[in-house]
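Welcome! Take a look at the structure first, and then read on.

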Amino acid sequence: MLAEIQRLARPMRLMEVCGTHTTAICLSGIRGMLPPEIELVSGPGCPVCVTPNCYIDQAIAYCKLPGMIVASFGDMLKVPGTASSLAREKEAGVNVRVVYSPLDAVQLAVDNPLYRVVFLAVGFETTAPAVAAAILTAVKKGLRNFFVLSSHKQVPPALRVLLALPETKLDGFLLPGHVCMITGLAPYAFLPVEYHKPAVVTGFGALDILRAIMLIMMQVSGVAETRLENAYPSVVRPDGNPVAQQMLEVVFEPDDSEWRGLGVIAASGLRLRREYQDYNAEYNLPVAVAESREPEGCRCGDVLRGFVQPPACSLFGKACLPVQPIGACMVSAEGACAAWYRYGQGRWLA
């Protein structure tokens with residue numbers, strides 16, 4: 001496979017859309033195996049990274065209200081907002097709980113009937129079905145103290161916006177296997193049809209990723225036609241997971257959503273349908289939030305658009321470290337900056 005990659009080598013920039021791919025590429029040293037003409041860049045596929053500061057600020061405002069519990073996955077606590085973070089607020093004594101699933105947050109509401117529990121719902125089509133299931137469970141239990149602050153996002157609209165930017169220089173996409181496991185292939189058919197970009201769905205092992213790179217290179221070089229290809233058929237079915245899709249359809253509907261680095265993208269988010277407004281934190285629990293801003297000097301937005309690699313940021317590995325992140329991309333294990341720093345591409349800075 002590496003011999004074929006060497007044979008097909010020519011200058012090209014490929015985007016691994018998913019943050020899990022970014023981590024796997026750094027961890028396995030795939031960049032070092034590729035010809036120097038092949039550049040891999042990260043995309044807007046880390047759920048923590050693309051969640052904007054205004055959402056963090058809103059969550060912090062909630063956790064300061066009396067009688068409130070904010071429940072979140074652990075990574076979200078470390079993301080700096082405009083003036084603080086959930087971790088810092090938790091240290092100061094506010095009621096922030098780390099949960100491992102949305103259903104854990106539902107149980108928090110059951111166990112704490114005198115509190116209102118707000119679950120921070122972030123992530124893509126992969127995690128949204130579990131949140132939909134949690135809401136349906138809350139309905140079944142008749143809970144009135146469980147709420148969701150939704151920042152769920154859908155990947156395809158973000159790729160459209162990215163490709164429309166004049167600065168975007170990409171020759172192909174490695175598509176996220178776990179998202180496509182839910183959605184199927186159809187939402188990505190526009191990439192080869194409208195933009196003539198090779199797109200290959202792949203898994204997360206080193207061999208999976210190398211094979212996907214080879215398949216994209218075959219398309220770019222003309223050995224194969226430009227198309228959407230499923231290189232992860234053991235997990236991704238062409239039609240995806242219809243049960244999960246139906247659950248999403250029942251609970252959520254498309255909405256405009258703000259992405260770090262890409263701004264507000266039409267119909268790229270998921271909001272609760274009117275039938276489930278009783279569980280919508282924004283609708284039921286209005287809270288004042290000051291204007292949000294990004295950290296000075298932080299280039300997370302450029303990294304998420306694939307414009308630069310993490311070391312191009314002057315803060316990378318200096319002021320911004322995994323133990324003291326300034327930008328969101330240095331927080332999560334799926335963040336490009338954290339992956340570069342931890343697993344090799346930034347190791348010379350240690």
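F316 is buried, with a relative accessible area of 3%; buried here means under 20% relative accessible area, exposed means over 50%, and partly exposed lies in between (1.4 Å probe, protein chains only). The structure is a predicted model, in which local features need pLDDT of at least 70, side-chain atom pairs count only at pLDDT 80 or more, and totals for chains, interfaces and linings use all residues. Residues are numbered from 1 along each chain as its sequence is written, and side-chain values use heavy atoms, with hydrogens and water left out.

**Aromatic rings**

- A pair of aromatic rings is described by the distance of the centres and the angle of the planes.
- Rings of Phe, Tyr and Trp (its six-membered ring) pair if their centres lie within 6.5 Å; planes under 30 degrees apart count as stacked, over 60 as edge-to-face and the rest as tilted.
- How many aromatic pairs does a search of the whole structure find? There are five aromatic pairs.
- One of them joins F73 and F119 edge-to-face, with 5.6 Å centre to centre and 85° between the planes.
- This pair links distant parts of the chain, 46 residues apart: F73 is in the loop between β3 and α6 (74–78), and F119 is in strand β5.
- F73 counts as partly exposed because its relative accessibility is 24%, whereas F119, at 1%, counts as buried.
- F316 pairs with Y341: the ring centres are 6.1 Å apart and the planes stand at 80°, so this pair is edge-to-face too.
- Here again distant parts of the chain are linked, with F316 in the loop between α16 (300–304) and α17 (336–343) and Y341 in helix α17, 25 residues apart.
- R160 lies over the face of F190, at 4.1 Å from the ring centre; a charge sits over a ring if NZ of Lys or CZ of Arg is within 6 Å of the ring centre and within 35 degrees of the ring normal.

**The parallel sheet**

- Helices (H or I, at least four residues) and strands (E, at least two) are DSSP runs, numbered from the N terminus, and two strands pair if DSSP finds at least two bridges between them.
- An open sheet is formed by four strands in the order β4-β3-β5-β6, with parallel pairing.
- Its edge strands, β4 (96–98) and β6 (146–152), each pair on one side only.
- From one strand to the next, the twist averages 25°.
- Four bridges connect β3 (residues 68–72) and β5 (residues 116–123) in the parallel sense, and F119 in β5 is the bridge partner of A71.

**Helices across the sheet**

- Axes are lines fitted to C-alpha atoms, for helices over the stretch in contact, and angles run from 0 to 180 degrees between N-to-C directions; contact means heavy atoms within 4.5 Å.
- Helix α5 (residues 53–63) lies across β3, β4, β5 and β6, at about 165° to β6.
- Helix α8 (residues 102–111) lies across β3, β4, β5 and β6 as well, running at about 170° to β5.
- The buried residues in α8 include P102, A105, V106, L108 and A109.
- Seen down the axis of α8, its buried residues fall within an arc of 150°, so they line one face of the helix; the arc is that of the directions from the helix axis to the C-beta atoms.
- Among the elements covering them are β3, β4, β5, α9 (128–141) and β6.
- N112 sits in the loop between α8 and β5, and N112 counts as buried at 17% relative accessibility.
- Leaving aside residues up to four places away in sequence, N112 touches I69, R97 and N145.

- Strands β10 (residues 252–259) and β11 (residues 263–272) pair in the antiparallel sense over seven bridges.
- They form a hairpin with three residues between them, and G261 in the turn has a positive phi of about 90°.
- In helix α14 (residues 242–251), A244, L248 and V251 are buried; they cover an arc of only 80° around the axis, which puts them on the same side of α14.
- V243, Q246 and E249 are exposed on the other side of α14.
- The cover over the buried residues of α14 includes α9, α11 (177–183), β10 and β11.
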